[in-house]
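I opened my notebook to look up a few things in this structure. My notes follow in the order I made them.

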Amino acid sequence: MTGGNLTRDEAAERARLLTARHYAVELDLTRGDTTFGSRSTISFACAEPGAASFVDLLAPAVRSVTLNGVALDPAEVFDGARVHLAGLQAENVVVIDADAAYSRTGEGLHRFVDPVDGEVYLYTQFEPADSRRLFANFEQPDLKAAFQFTVTAPANWRVWSNESLEELTQDAAGANVWRFNATEPISTYITAIVAGDYHVVEDSHIVRLPDGSDLLIPVSAMVRKSLAPYFDAAAILEVTKAGLDFYHRIFDYPYPFGKYDSAFVPEYNLGAMENPGLVTFNEKMVFRSKTTDASYQGRANTIMHEMAHMWFGDLVTMKWWDDLWLKESFADFMGAYALVHATRWTSAWVSFANGRKAWAYRQDQLPSTHPIVADIRDLEDARLNFDGITYAKGASVLKQLAAYVGEDAFLEGARRYFQRHAFGNTTLNDLLEVLEETSGRDLKTWSRAWLETAGVNTLTAEIDTDAAGVVTAARIRQSAVPAFPTLRPHRIAVGGYSPNPATGAVELVERVELDVDGELTELPQLVGKPRPALVLLNDQDLTYAKIRFTAEEIAAFERGGIAALGDSMARALAWSGVWHMTRDAVVSGRRFLDIVLRNIEAETDISVVQNLLRQAGLVRSQYLDPANRAAADAKVSARLVELLAAAAPGSDHQVAFAYGAVRAASRDADFDRLKALLSGDLGYDGLTVDQDLRWAIIEELAAAGHDDDGVLADREAGTDDTADGRRHRAAARAARPLAEAKAEAWRLVVETPDQPNDLIGAVLGRFHHGDQEKLAEPYVEPYFEGLAAIWAERSIQNAERIVGGGYPWPLASDELLARTDAWLASDAAKAPALRRLVLEARDDAARALRAQECDREA
Ligand SMILES: [Zn+2]
């Protein structure tokens with residue numbers, strides 16, 4: 001990757017040698033649109049006077065370096081990524097004056113110009129190691145210091161940073177100079193700047209502390225001006241305040257960072273970032289069009305996740321990126337936990353079970369999976385570790401830990417952890433230590449089984465019955481794949497569900513809780529009783545494991561057996577089990593679609609409905625035998641059109657089925673219907689064909705060859721001349737089934753450096769299409785031949801999207817796997833992080849081939 005890597009060993013050595021004390025960072029944002037002035041004055045101590053070390057900096061030019069009053073020659077001490085300092089004293093001051101570059105890829109100080117009004121918006125994003133693109137510093141989490149930012153900016157802008165404003169003055173040129181108070185001791189990766197003429201809504205919140213005193217926390221929410229009409233700041237601040245109350249109640253440690261600003265920012269690479277006092281969010285969480293409650297729940301979950309980090313991550317921080325999972329798993333767990341206990345989304349564990357955990361299970365079955373406690377050798381490893389293991393599997397395992405030690409002991413452990421390590425750095429052992437204290441349990445064995453090994457177990461019920469259907473023997477079989485053979489102790493519930501003859505509803509008839517350990521665990525509680533129609537392992541979702549159903553149970557699902565389940569968590573788990581069996585080529589893609597089409601109408605949890613529609617889309621494009629595709633597509637489309645017509649006007653289900661029907665369009669009549677929806681000739685009571693839905697329709701029409709000249713997309717972009725509109729236009733153009741459309745898209749995002757990541761994601765998301773195999777062929781060789789250069793020259797965020805999105809998955813075949821293997825065996829495949837991404841893409845293709853084979857034989 002561009003920019004210097006930093007290894008764990010180098011960071012450990014630097015932390016041993018140096019103590020960072022204070023940074024004064026002066027930024028000048030009035031010097032044009034490519035670079036800005038960045039002057040960093042760092043006070044630090046050195047344990048071994050005379051020793052040498054270095055400061056991290058990624059900047060196009062260094063003007064001067066002064067160490068303890070002595071000017072050094074930048075040409076000699078700056079190598080493009082590090083400023084080398086020799087002859088350190090016990091106490092030092094280094095001043096580094098640089099021209100730093102604005103980012104277009106969301107790494108460092110991102111600069112965005114709004115096409116609607118020409119306004120400029122800036123924000124920073126640093127994790128894991130991009131604050132060195134803003135100012136010279138010791139870029140590692142365990143060299144915490146106080147940071148004082150001073151920012152010179154155009155007179156019409158406002159500027160925010162982690163701390164509150166100390167002083168606002170004007171310089172001789174009429175620019176404003178914003179000087180902020182120094183922060184508490186924090187890590188470099190959570191420092192932050194937001195600047196521009198943002199639309200901001202300000203408020204404050206008073207938290208009552210346990211000693212009876214009040215803590216006043218100024219809160220705000222901001223977004224760029226052209227999105228202000230869609231900005232529901234009141235709803236955002238309501239969740240923010242509920243979170244502040246809730247975390248004060250359970251953490252018993254006053255919010256340590258003064259104010260709480262939430263900035264919704266454009267072209268953002270991730271969901272959000274927990275900068276203390278100044279959280280940044282992806283502005284996609286400001287909804288321009290009607291969306292379902294799942295989106296609002298997801299946004300509230302993100303708000304709670306980031307806020308949990310103020311304590312777990314910001315106040316107490318991991319020593320090195322090995323323990324990234326500690327803060328992410330905790331925050332992910334807390335996101336759902338806080339929703340359940342402090343908001344109206346009291347069923348948040350259902351979407352966690354069906355959605356968030358699906359991410360973990362998928363990641364855990366890739367060849368690149370790793371233990372939750374990962375071995376992070378350097379920053380490249382760290383960047384790729386923001387994955388489903390670190391977040392969702394870690395959170396699932398913490399959920400189980402909370403069940404294992406008890407919720408009270410779990411929360412008391414967190415409280416002690418904050419008290420004991422405030423403003424410090426920790427490793428896993430520090431957390432286990434407090435939890436052992438509060439629970440009285442030995443957690444070393446638990447940690448080894450769950451945190452230090454990779455892979456997911458599968459649980460299968462084996463039940464023998466006599467001729468009358470009475471259970472004569474019952475046991476649970478635990479298995480693992482050969483590559484990751486660990487069998488684990490699981491605390492689980494087993495639910496027995498049978499139809500109520502009077503109502504037809506499938507109801508709980510028996511629930512037992514037990515410990516599963518080893519390969520076979522007897523289940524004597526079921527013996528002597530009639531076999532329930534459905535035996536649901538991991539009922540209530542206590543553990544982290546895949547579950548299997550019998551052929552009879554799957555057949556019952558096909559007849560509506562999931563819809564008949566009254567309990568929404570039980571349905572979510574049934575859905576997850578069927579999905580795993582489909583991914584594992586045990587249930588055919590066509591059967592999965594049949595089960596979805598038969599049961600989805602009754603699904604009340606909208607996040608589950610939308611997840612099922614996404615899974616059905618993946619099955620249609622990748623998991624069906626090609627000979628079965630047309631018939632399956634027609635069936636799916638017809639049913640979704642029916643569901644759309646039957647949905648309650650104005651309901652979330654209507655919105656979900658509208659998008660579902662658009663994305664499933666496959667027959668001429670479907671495309672005629674889409675055109676009529678677009679023109680207004682066709683409508684559904686309560687459904688507004690708003691901007692996002694219009695773009696979804698246009699992209700689908702384009703992919704099917706109904707906009708080959710690009711006129712539809714051009715016309716729409718004319719009326720929606722926004723950043724969103726431009727991105728959708730590019731995606732629609734890339735979707736067209738034409739060689740020149742693919743060439744244009746490839747030039748735009750693969751061959752042109754430094755494009756915004758959401759443009760790359762949108763265009764490559766449409767570049768390959770399930771039925772465009774022929775058009776993918778010319779890009780197989782350029783893809784493999786270009787990988788090494790892409791990796792060497794592009795930002796990691798750019799490269800990651802191109803490596804994943806460019807992989808020619810419509811050509812999944814033994815030949816493609818062989819071509820991938822040849823690349824993996826070549827010199828080009830040396831970078832471990834690049835290798836990992838290609839291995840993952842290959843695994844998806846191999847899985848698709850197995851699923852297609854299953855569908856062929858079914
Ligand atoms: Zn997080």
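Is Glu-48 buried, partly exposed or exposed? I looked up its relative accessible area and found 36%. Buried would need under 20% and exposed over 50%, so Glu-48 counts as partly exposed. I keep in mind that this is a predicted model.

**Entry: the partner of Glu-48**

I checked what Glu-48 meets. Its side chain forms a salt bridge with that of Arg-16, at 2.9 Å from N to O. Glu-48 sits in the loop between strand 2 (35–46) and strand 3 (53–56), while Arg-16 belongs to helix 1 (residues 8–17). The two are 32 residues apart, and the pair links distant parts of the chain. Arg-16 is partly exposed too, with a relative accessible area of 46%.

**Entry: other salt bridges**

I looked up the count, and it comes to 82 salt bridges. I picked out two more pairs.

Glu-519 pairs with Arg-477, with the closest N and O atoms 3.1 Å apart. I noted a relative accessible area of 47% for Glu-519 and 29% for Arg-477. Glu-519 is partly exposed, and Arg-477 is partly exposed.

Arg-491 pairs with Asp-515, the closest N and O atoms being 3.2 Å apart. This pair links strand 24, which holds Arg-491, to strand 25, which holds Asp-515. Asp-515 is exposed at 52%, whereas Arg-491 is partly exposed at 32%.

I also found a network. Salt bridges that share partners join Lys-284, Arg-288, Asp-720, Asp-724, Arg-727 and Asp-758.

I followed strand 24 next. Three strands form an open, antiparallel sheet in the order 25-24-27. Strand 25 (506–516) and strand 27 (534–539) are the edges, each pairing on one side only. The twist averages 25 degrees from one strand to the next. Strand 24 (residues 490–499) pairs with strand 27 over five bridges. I looked up Tyr-497 and found Leu-534 in strand 27 as its bridge partner. Helix 13 (residues 568–583) lies across strand 24 and strand 27, at about 95 degrees to strand 27.

**Entry: the zinc ion**

Which residues coordinate the zinc ion? I found His-305 (NE2), His-309 (NE2) and Glu-328 (OE), at 2.0 to 2.1 Å. Their spacing in sequence is H-x3-H-x18-E. His-305 lies in helix 4 (residues 293–311) and Glu-328 in helix 5 (residues 324–342), 23 residues apart. Both His-305 and Glu-328 are buried.

Definitions and conventions: Residues are numbered from 1 along each chain as its sequence is written. This is a predicted model: local features need pLDDT of at least 70, side-chain atom pairs count only at pLDDT 80 or more; totals for chains, interfaces and linings use all residues. Side-chain values use heavy atoms; hydrogens and water are left out. Two strands pair if DSSP finds at least two bridges between them. Helices (H or I, at least four residues) and strands (E, at least two) are DSSP runs, numbered from the N terminus. Axes are lines fitted to C-alpha atoms, for helices over the stretch in contact, and angles run from 0 to 180 degrees between N-to-C directions. Contact means heavy atoms within 4.5 Å. Donors are N, O and S atoms within 2.8 Å of the metal (3.2 Å for Na, K and Ca); water is not among the atoms, so sites may look incomplete. Buried means under 20% relative accessible area, exposed over 50%, partly exposed in between (1.4 Å probe, protein chains only). A salt bridge is a side-chain nitrogen of Lys or Arg within 4 Å of a carboxyl oxygen of Asp or Glu.
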